[in-house]
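Thanks for coming. Please have the sequence and the model open.

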Protein chains: 4
Amino acid sequence: MAELTIAEVPLRSRLVMGTGGASSLLALEDALVASGTELTTVALRRFSPGVATGDHGVWALLERVGIRALPNTAGCFTARDAVLTARLGREACGTDWVKLEVIADDVTLLPDPLGLVEAAETLVRDGFVVLPYTNDDPILARRLEDVGCAAVMPLGSPIGSGLGVANPRNIEAIAARAGVPVILDAGVGTASDAALAMELGCDGVLLATAVTRATDPVRMARAMRFAVQAGYDAARAGRVPRREQALASSPVDGVARAGNLDLAL
Amino acid sequence: MAELTIAEVPLRSRLVMGTGGASSLLALEDALVASGTELTTVALRRFSPGVATGDHGVWALLERVGIRALPNTAGCFTARDAVLTARLGREACGTDWVKLEVIADDVTLLPDPLGLVEAAETLVRDGFVVLPYTNDDPILARRLEDVGCAAVMPLGSPIGSGLGVANPRNIEAIAARAGVPVILDAGVGTASDAALAMELGCDGVLLATAVTRATDPVRMARAMRFAVQAGYDAARAGRVPRREQALASSPVDGVARAGNLDLAL
Amino acid sequence: MAELTIAEVPLRSRLVMGTGGASSLLALEDALVASGTELTTVALRRFSPGVATGDHGVWALLERVGIRALPNTAGCFTARDAVLTARLGREACGTDWVKLEVIADDVTLLPDPLGLVEAAETLVRDGFVVLPYTNDDPILARRLEDVGCAAVMPLGSPIGSGLGVANPRNIEAIAARAGVPVILDAGVGTASDAALAMELGCDGVLLATAVTRATDPVRMARAMRFAVQAGYDAARAGRVPRREQALASSPVDGVARAGNLDLAL
Amino acid sequence: MAELTIAEVPLRSRLVMGTGGASSLLALEDALVASGTELTTVALRRFSPGVATGDHGVWALLERVGIRALPNTAGCFTARDAVLTARLGREACGTDWVKLEVIADDVTLLPDPLGLVEAAETLVRDGFVVLPYTNDDPILARRLEDVGCAAVMPLGSPIGSGLGVANPRNIEAIAARAGVPVILDAGVGTASDAALAMELGCDGVLLATAVTRATDPVRMARAMRFAVQAGYDAARAGRVPRREQALASSPVDGVARAGNLDLAL
């Protein structure tokens, strides 16, 4: 599997992980390691005085296991808040990279297309490496690329739904045209969803709860790792066409008879 | 991945390969090795005097690379022909195992349910280890198990169609109830199809042209190997439920502010 | 809409109704009339002494509104019981017609393919007009036609599931090849399911609970009547092909300008 | 079927027709009449001096058969052009109503979400009754309503594709939340697509080539009329739930016996 290069940074894993939903830091660490990821999103939230964080926090965890942190702007409902949060994240995490989320409302958790483009433009001008979480509209994806985003990250289906890729044609259309990496973000529920995303032409898959909320997160993380590899290879192996009619693979031109048989290829 | 045991024979790979459609023995060998398979179907056909076979045949190939041969009865349109062919295969190949096909016609290549049960009963009485290629009817699958088949091998979609799993509920129902291994046989077109079959509860996947007729058979063989592993693990990791509503993975309860922020888990 | 002819009997409606699930005879009557059906299945069951039936029974109802009764063999788990029940139904109802059900078990309610063929053969020899409830296997459908059934009635999905047509290709294949009427039986949940079945080539649709258990059975009966008509016409109107690429319907070759515009066709 | 009210104008038909793709004005007229539509889109294009229009044009046709014309802005790739075209259309057709299209490119024919909102805002301020053709993003649909559109018209799938409703959950979500009529626009290929759109909660369906390019446009127009009626009723009849398990409609609690049988309800 070739490296995935985002903003000139090569990544050996095409699985981007999220940290949301993990039951504990220990469980999270095991799952992250099992996934093989080299890029993991982290959310910023209000400081809670009573909670000790220090070395036990996600930040320290990622540093220890050598995974690059990707601050996100989860919880931001306007372009203004997302831009502010991104800047705080840059300061706090020492990275220009940001997973940009501008969420329209807290029920659908769908991106706000207009706010997203506005925030992306601002952050690109501000020197950020912007990876926007977007819907599966090929036109919006193109626009985000045009304003300078380093990747586009369309949803398969709503965040946390586990419904997989709701509209495969849209994802395929986005991937076919994009000049930057396309990472499916949101909706993955199980391994075949991740494999399908790669087969549709995605360059990577981002997921969180599919692993962190699985009964056995480590096993699901491993499944996702295999699935991304499987989909990556399948996308490049030249699959057989879909046919409405059956097509024999074994010869049907004769029946074996004693004394004159052979094994067919 | 635990071994797959059929008729008390353990197999480390859950990918059963077919040989049909390969462009050459050399290409076939590379693909078989890349797939990791330990069980491969071979068809019997009329002896063609002009064709040299000898050591270069499929039979010799499987012996050399240490893969167990599974003679099939492809090309048989009646229970009688299938039973005859199975017996010739046993004699020729020195194995009691048979992939039983009783094909209804050469257009649909669908199994004939009545002929299939009849041939299965005869062959089981005759001491064969019978692995029948069947449609995706849960009732027929149960019947085949009841008459003593060592596994049941329902189709995902018609042979050579590459349409994947047409009716996932049927495959899931067959796997949920079966007391013998269930191996998806026919219809797999790409890696995500194989992963899905395993996630639905299948114990293995049988495929031929998806690999042999891919542009790059070795790469697709490898993709299938990863996909089966991915689906196997995903099926056992306890996937998240499908939800019609979105569910936040990252906290949405606050906006980060300078001076009092922290990284959220 | 042309008449549907089964065993030389013309029916103006292509909607066959079932009576199961109705909350009362009155509600049933209203729904049957709204549906426009001319053929309705009735189940036979043990006589319950405490229950007054007489003129208020289903039988009397159908006679009164002029709908032909189609006795079924629901509740029969063997060919033998189905044949016995069919004969009792013939005696009781004075009709040679029978909807043949041989159910494999009371969980899946799926047909038993072997018992079904056996019972069909017996009943055809016995002079019945046999309309078998079958799975969606094109080979079994063909076999049922070959043994002399007057129609074949494949399921869309399991009885009472409301899941619609699970495998459209199978239904289309059955309809394309059949020499007798094909009536989709089981699985219809809503109007678009019925329209789709007709578009796939079915000659009629049989349903019960989709109407009888709807909140407003009369309204759903009317919806089904329209849907069958819609699907019937659509199947004969030569639909546009499915295209992976968009295709403009309105002209995109120019922009209107004041002074020289016209309305485009 | 209750009237569909858009901008206080009641329409008895919930089928909005387009004129694109018709082979002749005569064929178009027959199809429009068969569809029962009361609202039909017309495109504006450059005046072609050699072409006689006069009484034989679409405009005269709609006047003659008493169908309200809905000028569209097809062929406009920017908000500016769309606004200009809408104003010309108002002048030419004497109506404030406009079907607003701002197309991103002439390959996908998908709407440009940002240009669409911009043009809609301008036209609403300008006193137009704006019916925008939009993608299936629930957030964009809400935004269009918020800026004052009189209806929202999300696509089922790309224009002219005939692929039906690609993402039913999105259409359902748009319809569930909208405070203005929702009309599925684009992608309908056959009658069941139209029925499904109505079942998902749409208030109407707009289609052109599905009828005009069918082999028999009049028959398909009639099919669509029935389908919209079927879907409208089905959406209001309270459909049965989807069940993963079968549910008997007929009694399975006994077998009929001679002398003590009765017809079950």
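First, a term: a crossing is called left-handed if the near helix is turned anticlockwise from the far one by less than a right angle, and right-handed if clockwise. Keep in mind throughout that this is a predicted model.

Let me apply the term in chain A. Helix α1 of chain A, residues 25-35, and helix α2 of chain A, residues 58-65, cross in the right-handed sense. Their axes come within 11 Å, at an angle of roughly 35°. Which residues of α1(A) and α2(A) meet? On the α1(A) side they are Leu25(A), Leu28(A), Glu29(A), Leu32(A) and Val33(A). On the α2(A) side they are Val58(A), Leu61(A), Leu62(A), Arg64(A) and Val65(A). Sorted by class, this contact of α1(A) with α2(A) has eight nonpolar residues, no polar ones and two charged ones.

Now to chain B, where I look at helix α1, again residues 25-35, with helix α9, residues 217-236. The axes of α1(B) and α9(B) come within 7 Å and cross at roughly 20°. Angles under 35 degrees count as roughly parallel, and α1(B) and α9(B) are therefore roughly parallel to each other. The crossing of α1(B) with α9(B) is right-handed. From α1(B), the contact takes in Asp30(B), Ala31(B), Val33(B), Ala34(B) and Ser35(B). From α9(B), it takes in Pro217(B), Val218(B), Ala221(B), Arg222(B) and Arg225(B). The class count for α1(B) with α9(B) is six nonpolar, one polar and three charged residues.

Helix α7 of chain D, residues 191-199, and helix α9 of chain D, residues 217-236, have axes that come within 7 Å and cross at roughly 30°. That angle makes α7(D) roughly parallel to α9(D). The handedness of the α7(D) and α9(D) crossing is right-handed. In α7(D), the residues in contact are Ala191(D), Ala194(D), Ala195(D), Met198(D) and Glu199(D). They meet a set in α9(D) that includes Ala223(D), Met224(D), Ala227(D), Val228(D) and Gly231(D). By class, α7(D) with α9(D) comes to eleven nonpolar, one polar and one charged residues.

On to strands. Strands of a sheet pair through backbone hydrogen bonds, either parallel or antiparallel. Which sense do we have in chain A, parallel or antiparallel? The open sheet of three strands in chain A, ordered β6-β7-β8, has parallel pairing. Its edges are β6 (97-100) and β8 (153-154) of chain A, each pairing on one side only. Between β7 of chain A, residues 129-134, and β8(A) there are two bridges, in the parallel sense. Thr134(A) has Pro154(A) in β8(A) as its bridge partner.

Chain C also has an open sheet of three strands, in the order β6-β7-β8 and with parallel pairing. Here the edge strands are β6 (97-100) and β8 (153-154) of chain C. Strand β7 of chain C, residues 129-134, pairs with β8(C) over two bridges, and Thr134(C) stands opposite Pro154(C).

Last, the annotated site. An unreviewed UniProt entry carries a "binding site" annotation on Gly160(A), Ala186(A), Gly187(A), Ala208(A) and Thr209(A). These residues are spread over 50 residues of sequence, yet they cluster in space, with a largest C-alpha distance of 9.5 Å. As for where Ala186(A) sits, it is in the loop between β9 (183-185) and α7 (191-199) of chain A.

Note on methods
Residues are numbered from 1 along each chain as its sequence is written. Chains are lettered from A and ligands numbered from 1 in the order in which they are written. This is a predicted model: local features need pLDDT of at least 70, side-chain atom pairs count only at pLDDT 80 or more; totals for chains, interfaces and linings use all residues. Side-chain values use heavy atoms; hydrogens and water are left out. Axes are lines fitted to C-alpha atoms, for helices over the stretch in contact, and angles run from 0 to 180 degrees between N-to-C directions. Helices (H or I, at least four residues) and strands (E, at least two) are DSSP runs, numbered from the N terminus. Angles under 35 degrees count as roughly parallel, over 145 as roughly antiparallel, 65 to 115 as roughly perpendicular and the rest as oblique. Contact means heavy atoms within 4.5 Å. Ala, Val, Leu, Ile, Met, Phe, Trp, Tyr, Cys and Pro count as nonpolar, Asp, Glu, Lys and Arg as charged, and the others, Gly among them, as polar. Two strands pair if DSSP finds at least two bridges between them. UniProt positions are given in the numbering used here, feature names are shortened, and annotations may be inferred rather than shown by experiment.
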